[in-house]
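Me: I would like to learn how to read the place where two chains meet. Could you take me through it step by step?

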Amino acid sequence: MQNSLDRLLAGIAATLADEVAPALSDPYLRAQATTAAELLRTLAPRITWDLDAVQPWAGELVSVAGDAALPVDGDPEASMAAHLTVLAELARAGDERVAALVDAQVENERSLLRKTRGK
Amino acid sequence: MDALRRWLAARLGAADVAIEDLRRHVEGWSWETYTFTAVLPDGERIGLALRREPEDGLLAPYDIEGQYALHRALVSETALPMPRLRWLELDRGPLGMPFYVMDRVEGHVPVQWKPDDPVAFPDDAARTAIGLQFVDLLAELHETDPARLGYEAAADPEAAAVAEIDHWYERYDAHAVRRVPLLEQAVAWLHANVVTSGRSVVCHGDYRIGNFMLDGNGRINAVFDWELAHVSDPVEDIAWAALGLFRGRSPLWSHLLDESAFLERYEQRTGLAVTPEQLRFWTVLCYLKASATHVRAAHAFEHGRPDLRLAAMGHQLQYVLDGLRRELRAAREVVR
């Protein structure tokens with residue numbers, strides 16, 4: 001996932017409210033789009049990434065990279081970015097262990113996508 | 001609309017021009033494409049297509065004069081099916097950004113997400129016939145002296161390949177919202193495994209299903225989206241057309257021909273026998289190129305562009321990376 005959770009939720013809400021809703025002539029559909037935007041805005045401050053789900057490989061990264069890969073306390077968004085930066089630096093000159101970790105990172109993202117699509 | 005009408009009237013020497021059937025084509029990620037019919041006061045109808053430079057496109061910076069010159073050269077110097085050019089407008093006044101206008105070509109565009117499209121592919125023979133044309137047109141482009149198209153062939157194809165790795169890495173590097181470890185690994189692999197055919201030609205840069213049109217008789221009557229055209233190894237275009245992104249799990253490259261049929265035909269037309277090593281190198285580079293574009297899309301969304309398709313590209317990056325991972329894995333297996 002490239003984009004931050006904050007931006008994704010805010011961006012979807014904004015597009016629904018500012019672009020989709022005004023283009024809908026049916027009042028019922030317009031209300032659906034506007035309300036969906038409002039719900040997303042309400043949910044946004046209560047939602048964070050579940051690091052255990054999106055980065056099950058993070059523990060292994062710490063064992064390879066040491067303290068440099070320690071999570072940033074209480075901030076999943078910053079932790080994800082930090083982990084990926086550390087792994088990316090290792091990957092440039094990567095050994096087999098790092099290659100396996102990179103592989104696990106891609107596979108995890110892929111399997112999350114597969115789950116959301118029911119495949 | 002009024003601005004376009006006034007601009008067209010001046011170009012066509014008419015007192016006024018009506019515009020009908022205006023349609024914005026949303027398939028593209030970069031240039032904005034519109035088709036419409038210009039209706040003159042005497043009733044004459046002219047089908048036109050307009051390509052406008054985007055304000056903040058994914059492949060900026062743009063060179064509209066270069067695009068126009070290449071298009072004109074392709075019309076005059078090759079047998080590639082290209083629509084007739086009409087006008088180039090560099091002034092931002094009329095439509096906000098530079099644009100050019102060409103004749104509209106009628107037909108049907110097969111796309112990768114409709115592999116069994118009955119209009120494009122009524123049977124296997126029709127699919128194969130289109131595939132052979134697809135290869136022949138690519139060969140036609142690659143066999144044309146770059147100088148005749150306004151380009152200069154690379155004196156050192158290997159150095160040019162290295163420059164291309166660096167180019168796409170820099171694009172990724174400048175726009176990554178988050179680092180992508182697999183791309184770092186891929187770049188290291190590419191630098192250690194440069195293999196070229198030794199040829200230097202004008203490549204289309206985005207040659208695949210979705211970027212050509214068919215007339216009603218199964219003939220390719222237009223090849224479009226030339227904005228990534230550049231001088232490179234011809235294997236780059238072949239590897240791009242073969243990417244899993246454009247064929248899913250099908251063994252048919254771009255849903256047209258399988259590997260052996262594609263490469264055999266290409267060799268017949270150009271004399272170039274593509275090796276597995278060349279194909280792998282360029283496939284990995286093509287995945288880097290595709291990834292860099294997806295990363296840039298996510299970056300544009302992160303920084304305020306409202307188009308949700310850009311955010312979708314950010315997570316669809318995973319499909320590109322999955323293909324890249326398979327390719328790198330296969331390369332490791334070969335070494336073992």
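Reply: Let us begin with the polar contact, which is a pair of N or O atoms within 3.5 Å, where, within protein, one must be able to donate a hydrogen and the other to accept it. In this structure, which is a predicted model, there are 16 residue pairs in polar contact between chain A and chain B, counting pairs with both residues at pLDDT 80 or more.

Me: Which helices of chain A each supply at least two residues of the side that touches chain B?

Reply: They are α1 (5–23), α5 (76–92) and α6 (96–116) of chain A, and the largest share of that side, 10 residues, comes from α6(A). Sorted by class, the side of chain A that touches chain B has 14 nonpolar, 7 polar and 10 charged residues.

Me: How many salt bridges are there between chain A and chain B?

Reply: A salt bridge joins a side-chain nitrogen of Lys or Arg to a carboxyl oxygen of Asp or Glu within 4 Å, and the count between chain A and chain B is 6. A:Glu107, for instance, forms a salt bridge with B:Arg325, and their closest N and O atoms are 2.8 Å apart.

Me: What is the general way to express the size of an interface?

Reply: It is often given as the accessible area lost when the parts come together. Here chain A and chain B bury about 3,000 Å² between them, with 52% of it on carbon and sulfur atoms. Of the area that chain A buries against chain B, A:Gln2, A:Arg7 and A:Arg92 supply 26%, more than any other three residues.

Terms used: Residues are numbered from 1 along each chain as its sequence is written. Chains are lettered from A and ligands numbered from 1 in the order in which they are written. This is a predicted model: local features need pLDDT of at least 70, side-chain atom pairs count only at pLDDT 80 or more; totals for chains, interfaces and linings use all residues. Side-chain values use heavy atoms; hydrogens and water are left out. Buried area is the accessible area (1.4 Å probe) that two parts lose on being put together, summed over both. A polar contact is a pair of N or O atoms within 3.5 Å; within protein, one must be able to donate a hydrogen and the other to accept it, and residues adjacent in sequence count only if both atoms are side-chain atoms. Helices (H or I, at least four residues) and strands (E, at least two) are DSSP runs, numbered from the N terminus. Ala, Val, Leu, Ile, Met, Phe, Trp, Tyr, Cys and Pro count as nonpolar, Asp, Glu, Lys and Arg as charged, and the others, Gly among them, as polar.
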